[in-house]
Amino acid sequence: MIEIQDVRKSFGPLEVLKGVSMNVERGEVVSVIGGSGSGKSTLLMCINGLEGIEGGRILVDGTDVHARGTNLNKLRRKIGIVFQQWNAFPHLTVLENVMLAPRRVLGKSRAEAEAIAIEKLTHVGLKDKLFGYPSRLSGGQQQRMAIARALAMSPDYMLFDEVTSALDPQLVGEVLDTMRMLSSEGMTMVVVTHEIRFARDVSNRVAFVHRGRIHEIGSPEQVINNPRRAETIEFLKSVR
Amino acid sequence: MFNATVSAHDILFMLRGAAVTLGLTFWAVLGGTLLGVGFGLLRASLPGWPSLALGLILDIFRSVPLLIQIILANAFAPLVGIDLDGFTIACIVLAVYGAAYCTEIVRASVLAVPLATRRAARSLGMTWSDDLVAIVFPMALRVGLPGWIGLALGLMKDSSLVLWIGVIELLRAAQIVITRTQEPLLVLGVAGAIYFLISFPIARIGEWLERRWREQ
Amino acid sequence: MNYSFHWRPVFESLPLLLGGCLVTVEIAALSTAIAIVLGVALAFGRISGSKTAAWFALGWIEFGRNTPGLLQIYFAYFGLGSLGVHLNSYAALTAGIAFNSSAYLAEIFRGGMRAIPATQARAARSLGMTSWQTSRHVVLPQLFRIVYYPITNQMIFAVLMTALGLTVGLDTDLAGVTQQLNVLTYRTFEYFSVAAVLYYLIAKAMTGAARLIAWRLFRY
């Protein structure tokens with residue numbers, strides 16, 4: 001379980017997260033929606049320790065992410081994250097991209113890592129792209145490769161940071177389908193997204209973040225279909 | 001700190017050498033740029049084979065050490081009956097050397113101007129020379145100026161090589177002073193400082209321009 | 001023109017000249033290797049937190065780039081002598097070229113590091129890789145590709161710079177050997193023409209070799 005307890009985060013004088021609290025149970029899919037600058041991406045970066053926090057706590061299966069003695073490298077094996085700009089390693093083939101972390105971080109042998117990578121890449125539908133370089137793939141394919149790369153570590157949690165925002169419209173669908181598939185397999189997911197329909201169809205819960213605070217959180221029926229707060233209504237109207 | 005054996009007279013001598021350095025640089029940059037612009041435009045507008053041939057010939061001047069070129073020019077001139085002093089030979093060799101590099105800078109700068117922009121200008125009724133002056137030149141200048149500044153400074157530094165054929169530029173002057181005073185560190189330091197004081201500000205201005213133009 | 005060209009003695013001394021070529025390439029390779037190590041150190045020094053390191057690196061780089069290479073070689077040959085360090089022409093030439101190249105390479109490395117987006121390291125760390133693993137498997141391989149051609153170009157510059165060995169009396173590299181033969185026979189034009197051709201061939205061979213190696217190393 002991920003426990004986010006009253007988290008505060010500032011970039012210099014700008015306070016981006018002003019006391020955010022939320023829990024994510026195993027097997028849940030939680031979508032985080034909100035306008036740009038609302039702090040939702042920052043929240044994600046705080047969960048796996050890429051960003052520090054100024055107040056509050058984040059616990060992943062009981063481990064405090066930002067505590068002094070926490071081994072972040074170990075913790076990150078349990079948390080997979082996919083970024084908006086997939087950040088493929090350009091000098092490695094698709095297969096090598098996915099194999100790298102299992103080999104170097106988990107210590108798997110070459111054969112084992114290769115098997116895992118092939119399995120995950122097949123799972124996301126990239127079986128016939130194994131030996132090419134990421135530069136040859138479309139954005140959607142590179143993003144699916146990034147998902148496979150994160151999955152290869154067998155994480156307990158997957159974080160998605162607006163993973164379709166940088167894609168051409170016709171490529172968005174394939175990535176959302178992959179994410180849908182993962183959710184149906186029981187993966188615990190925190191998805192920061194602009195795709196309201198996806199959030200409504202796939203999530204167990206939706207959180208609306210506005211100006212560094214969670215204004216509403218609940219089932220998709222509650223938050224998207226029957227929003228209560230004015231800001232939520234305004235936001236949903238603006239993205240329809 | 002200031003050793004009495006290196007006199008003001010010595011410093012003046014070196015400054016006169018610096019003037020020769022600047023003179024060499026001036027002629028080299030002038031000649032090199034004029035030739036370079038000419039060749040560069042040629043290379044940019046000629047079709048495949050002639051452009052390549054010209055490029056290969058100029059490449060020779062970038063693939064042979066400058067000192068060797070200076071020695072060869074100096075040895076060749078009397079053979080064909082040309083009687084030139086060291087300074088003139090030096091200027092010619094430096095200019096040709098500079099032209100070889102300048103050609104590539106000009107060529108790349110001209111080719112960097114998007115064809116679409118030039119087509120738009122021609123569609124508006126501008127003539128070929130209008131296009132060149134009003135469109136290609138300003139845009140190419142932005143691309144090429146930082147590199148050209150680097151080339152000019154490079155020619156100034158390379159002018160030190162002409163000491164081999166007897167031209168008393170800054171470094172040779174320094175060498176002469178060292179022979180007299182036996183203070184190599186101090187004298188070379190002064191010479192280095194003079195080069196530095198000329199080169200550094202110009203280099204920085206070039207970098208500033210490059211940054212500024214890249215942001216626009 | 002009442003000068004008759006005598007090419008035969010030049011071709012008969014070809015073995016000597018070729019021996020000089022080997023020394024030339026040797027000096028270029030050695031000085032470039034040293035320059036790479038120094039360049040990396042300087043690049044790190046430049047961005048280091050320590051004020052002294054940053055200023056020292058900046059001073060070295062700016063002095064190296066704004067003064068003539070010949071001056072730097074003179075420093076090594078004549079200047080160091082008054083500090084008690086006596087370098088022979090070979091060592092002074094190599095040191096001078098290494099100093100000069102290191103200044104340029106430092107800027108090349110610095111630019112290269114900035115060309116790699118920070119997001120690459122972020123992605124690697126997110127997968128649980130340590131700082132060292134990230135550098136070794138993600139950052140450095142990409143840096144190597146970015147700086148590869150600049151480094152090979154610098155090495156070719158180094159080959160051309162070795163000719164300056166003449167000014168400090170080096171007589172074993174191509175220019176030095178050519179000069180020795182010139183002093184004996186006064187056939188300046190013939191000997192240096194052949195030397196020029198040899199330099200050209202060395203430069204082209206190195207460019208070709210660099211491309212070949214790149215083709216094998218970088219597959220994308």
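**Exercise 1.** In which sense do strand 1 and strand 2 of chain A pair, and over how many bridges?

*Solution.* The model is a predicted one, in which local features need pLDDT of at least 70, side-chain atom pairs count only at pLDDT 80 or more, and totals for chains, interfaces and linings use all residues. Residues are numbered from 1 along each chain as its sequence is written, while chains are lettered from A and ligands numbered from 1 in the order in which they are written. Strand 1 (residues 2-11) and strand 2 (residues 14-24) of chain A pair in the antiparallel sense over eight bridges, where strands are DSSP runs of E with at least two residues, numbered from the N terminus, and pairing requires at least two DSSP bridges. Within this pair, A:Lys9 stands opposite A:Leu17 of strand 2. The two strands form a hairpin with two residues between them, and A:Gly12 in the turn has a positive phi of about 65°.

**Exercise 2.** Describe the hairpin of strand 9 and strand 10 of chain A.

*Solution.* Strand 9 (residues 205-210) and strand 10 (residues 213-218) of chain A run antiparallel and are joined by five bridges. A:Ala207 is placed opposite A:Ile217 in strand 10 of chain A. Two residues lie between these strands, and A:Arg211 takes a positive phi near 50°.

**Exercise 3.** How are helix 7 and helix 8 of chain B oriented to each other?

*Solution.* The axes (lines fitted to C-alpha atoms over the stretch in contact, with angles from 0 to 180 degrees between N-to-C directions) of helix 7 (residues 170-181) and helix 8 (residues 184-215) of chain B come within 9 Å and cross at roughly 160°. Helices 7 and 8 of chain B are therefore roughly antiparallel, a term for angles over 145 degrees.

Key: Helices (H or I, at least four residues) and strands (E, at least two) are DSSP runs, numbered from the N terminus. Angles under 35 degrees count as roughly parallel, over 145 as roughly antiparallel, 65 to 115 as roughly perpendicular and the rest as oblique.
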